[in-house]
Amino acid sequence: DDWQERGAAVGVKREYDAEGRPVLKAVKKGVKDFTFGQTLGEGSYSTVLAATDRQSGKKYAIKVLDKRHIIKEKKVKYVNIEKDTLNRLTDHPGVVRLYYTFQDERSLYFVLDLCPGGELLGVLKRMSTFDEECTRFYGAQILDTVEYMHSRGVIHRDLKPENLLLDENMHIKVTDFGTAKLLPEKKNIDGRRDFEPDSNSEETRANSFVGTAEYVSPELLMDKNACKASDLWAFGCIIYQLLAGRPPFKATNDYQTFQKIINLDYEFPRGFPELARDLVERLLVLDPQRRLSLEHAKNHPFFAGVQWGRGLWQQKAPRLK
Ligand SMILES: Nc1ncnc2c1ncn2[C@@H]1O[C@H](COP(=O)(O)OP(=O)(O)OP(=O)(O)O)[C@@H](O)[C@H]1O
Ligand SMILES: O=C(O)[C@@H]1CCC(=O)N(CCc2ccc(Cl)cc2)[C@H]1c1ccccc1Cl
């Protein structure tokens, strides 16, 4: 249907003019502030559309969620987790930025960074495998972003090439935070916000969410709790997949994939680069306590020469060959 017909500027602020008469001022964006373009993709509960802010001309991706469907499928919790997580991850180039949210009677709207490069999975499928230089660049951008998320008390829990989008410079943008784990915030006396250290606290145990079979960590399968190291396990699977063209643990059904994971049943294809193999072997460790930490992964020889921090995000993405 015509998107223009929907919704209205939803937030209003009551102000008073010189004569004390109430003036209603639209303070937020609404559907009418955007011109909607092509459908970029569909999720289980969402449609993502390209859109242009009519006033600034800036292009965005707007994720539209159908309220009735979300309520029917009991996914209201995920909507709030996605919003709260995106509101916590506001200043890193590797995270899809949430600019506005608004709603109308039928839908919720998330105005996000537009990622014209699509999913890293799509690029990998077209290339079949990445060479070491591309794997190093994209691996470093992913790791840099995971470090930022963890520093903000966010465990992604579903890292995979489908959730790694590419922006107009073919740089990484991590997305899909509806299933993230938000570590509780500690109240500091000086108002600084930091987060409880990663703990296998009771509530994590209670979590029923399991990520995508090929990337789920053994600890999540064995005793239900995800920790920051679970994202490093998924990272190891992604590095393997970029170089091998397929994930390390892949079977005909999820149950058999889980069996391979808990038995660490995988092998490297012939010709898999030695340094990358060493990195993957130190990440795909069953015991999360013995798994390579994020800091050690950044310092692994495979990433020798990588400029971490701002420099990583200013350089040109390597040509995918
Ligand atoms: N910011 C974005 N820019 C460009 N394309 C996007 C953006 N966000 C999502 N997409 C595309 O839209 C599709 C739907 O994304 P969405 O996050 O709504 O659902 P999903 O997470 O892929 O599916 P599910 O909800 O079932 O996990 C994705 O496949 C993705 O390719
Ligand atoms: O948390 C917020 O930012 C507001 C608060 C006010 C509000 O009503 N909403 C929508 C709440 C909501 C969530 C899920 C469904 Cl299915 C319906 C309504 C929230 C909201 C508005 C727009 C987009 C997302 C959300 Cl969660």
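**View 1. Tyr100 sits opposite Val111 of β7.** The model is predicted: local features need pLDDT of at least 70, side-chain atom pairs count only at pLDDT 80 or more, and totals for chains, interfaces and linings use all residues. β6 and β7 pair in the antiparallel sense, over five bridges. Pairing requires at least two DSSP bridges between the strands. Three residues form the hairpin that joins β6 to β7. Strands (E, at least two residues) and helices (H or I, at least four) are DSSP runs, numbered from the N terminus.

**View 2. Ligand 2 and the residues around it.** The shell, taken as residues with a heavy atom within 4 Å, includes Lys67, Ile70, Asn80, Thr101 and Phe110. Oxygen atoms of ligand 2 lie 3.0 Å from a side-chain N or O atom of Lys83 and 2.9 Å from one of Gln103. Two or more shell residues come from each of α1 (67-72), α2 (76-88), β6 (98-103) and β7 (107-112).

**View 3. Thr145 in helix α4 (residues 132-151).** Thr145 counts as buried because its relative accessibility is 0%; buried means under 20% relative accessible area, exposed over 50%, partly exposed in between (1.4 Å probe, protein chains only). A polar atom of the Thr145 side chain lies 2.7 Å from the backbone oxygen of Gln141. Beyond neighbours within four places in sequence, Thr145 is in contact (heavy atoms within 4.5 Å) with His92, Gly94, Val95, Val174 and Trp313.

Residues are numbered from 1 along each chain as its sequence is written, chains are lettered from A and ligands numbered from 1 in the order in which they are written, and side-chain values use heavy atoms, with hydrogens and water left out.

Terms used
A polar contact is a pair of N or O atoms within 3.5 Å; within protein, one must be able to donate a hydrogen and the other to accept it, and residues adjacent in sequence count only if both atoms are side-chain atoms.
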